[in-house]
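Please open the model in your viewer and keep the sequence panel beside it. The tour below moves from one selection to the next and says what is there.

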Amino acid sequence: GQLAGMGEVFATASGFAMLERRLAEAVELAQLALNRDDNDARIQLRAQTGLGTALMMRDDPEGVRTLLGAIQSAERLGMPEYVYWIYTNLGSGLGERRRYDEAVPYLHEAIEINGRWDIDPWDDYGTAWLARVYFEQARYPEAALQLTGRGQTRTMSPEARVTASTALGRLAVRRGDPDGIRRLEEIGELVSSLDLMQRSWPWAAGMAEAAFLKGRNGDIEAIVHDPLERALELKLDWAIGELAYWHWIATGNAVDLKDAAQPYRDMVRGEWAAAAAAWATIGCPYEEAQSLALGGPTEQLRAVSILHEIDATPLAAVLK
C-alpha cells in the first residue's frame, strides 16, 4: 500500500512545487511519478499535468505538447474535470508568460467546458484569469465586464479571488478610480496568507504602481523588496522584470537583471526603443507607453497619446 501510493505522493508534491514556481523541482517530481508502473489513470494524469505545466512555465515547447496530450487522455477516459483544469492551466500559465494569443482561446475553452459540465460552479478561475489577461492587454472594459459581480465576492475560491481582485484593483488604479488602491489593500491579507509568488508579485506591482501615481515613490522599495528577493531566488523572469522596474523607479538602482524578462531589462537599462517595440509585439500598450516615457519629448507625446487611447489618464497626467 505504501509503495502503491508513491506515484500520488510525487504527483502531489510536483503540483505544490509548480504552484510555488519551484519549476525544476516540479519537473523532477512529476517525472518520478510518471516513471512508476503502479499509477492509476487519475494519478498518471495529475503527474502529466504537473510536468506539462512546469515545462510550459519555463517556455519549454514540450510543456504545451504534454498538456495537450493529457487533454486527449482525459477525454478518452471520460474525465471532463481534468479536461477543464488542464485547459485552465494552459490559459493561466500562458497568460502569466504573456503569450496572450495562445492563452485566450484556452481560457475560453475552459469556460465553455465548465458551462457544459458545471465542474467549477462559479466559473471563477478561468474567468478571473481571462480578466487578468484583458487587463494586461489594456482591454479594460472587457476585463471589468468579466469581473462584474465577481471581483470581491466571497463565493470565489481564494486563488481566483486574489487573481480577480488584483486585476480589478490594478485596473481601477490605472483608470484613476479613487477606490483602486483600497481594492488592492483589501485583498492584501489574503495574498499574504496564500504565500505564492504567482499571487504576491502582481499584487505588489499593483501597489507599487498605485504609490507611484500618487507621488509616493518613497513607499515603493518596501512594497517590492520581499517579492523581488523571492523572484530573484526562483529566477522568475517576468516577476523579476516587473518588480525590478519599480525598484529602479523608486531608487534609481538596478538589481541583477540577468534573469529578468527582456522588455523590462531593456527599460531599466535605458533601451526604451527596444522595450517599446517588444511591448507592442506582445500586446501591452500600457507598458509600451511606460517605455516611450523614458525617451525624449516626441516619444513622451506618443506615450501620452497611447495612454489616452486606453483611458489610462493618471499616468498621462504624470507625463504631462
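Predicted model: local features only at pLDDT ≥ 70, side-chain atom pairs only at ≥ 80, totals over all residues.

To bring the pair up, select residues 285-292 for α16 and residues 297-309 for α17, and look along the two axes, which come within 8 Å and cross at roughly 160°. Because angles over 145 degrees count as roughly antiparallel, that crossing makes α16 roughly antiparallel to α17.

Next, show the side chains where the two helices touch: on the α16 side these are P285, Y286, E288, A289 and L292, and they meet E299, Q300, R302, A303, I306 and L307 of α17. Coloured by class, the residues of this contact of α16 with α17 divide into seven nonpolar, one polar and three charged.

## A second pair, at α1

The crossing of α1 and α3 is left-handed.

For the contact itself, select G7, E8, A11, T12, S14 and M18 in α1, which meet R42, I43, R46, A47, G50, T53 and A54 in α3. Sorted by class, the contact of α1 with α3 has five nonpolar, five polar and three charged residues.

## L19

Is L19 buried, partly exposed or exposed? With a relative accessible area of 31%, L19 is partly exposed, since buried would require under 20% and exposed over 50%. Leaving aside residues up to four places away in sequence, L19 touches L196 and Q198. If you draw a distance from L19 to R161, which is 142 residues apart from it along the chain, the C-alpha atoms are separated by 16 Å.

## Zooming out

Finally, clear the selection and display the whole protein chain, which contains 18 helices and zero strands. Its C-alpha trace spans about 65 × 40 × 35 Å along the principal axes. The radius of gyration of the protein chain is 20 Å, which agrees with the value near 20 Å that a compact globule of 320 residues would have. Of those 320 residues, 55% count as buried, and among contacts with a separation of 6 or more, 53% are accounted for by residues 24 or more positions apart.

Terms used: Residues numbered from 1 in each chain as written. Heavy atoms only, no water. Axes fitted to C-alpha atoms, helices over the stretch in contact; angles between N-to-C directions. Helix = DSSP H or I, 4+ residues; strand = E, 2+ residues; numbered from the N terminus. Parallel < 35°, antiparallel > 145°, perpendicular 65-115°, else oblique. Contact = heavy atoms within 4.5 Å. Nonpolar A, V, L, I, M, F, W, Y, C, P; charged D, E, K, R; others polar. Rg over C-alpha atoms; globule rule 2.2 N^0.38 Å. Buried < 20%, exposed > 50% of the residue type's maximum accessible area, 1.4 Å probe, protein only. Left-handed = near helix turned anticlockwise from the far one by under 90°.
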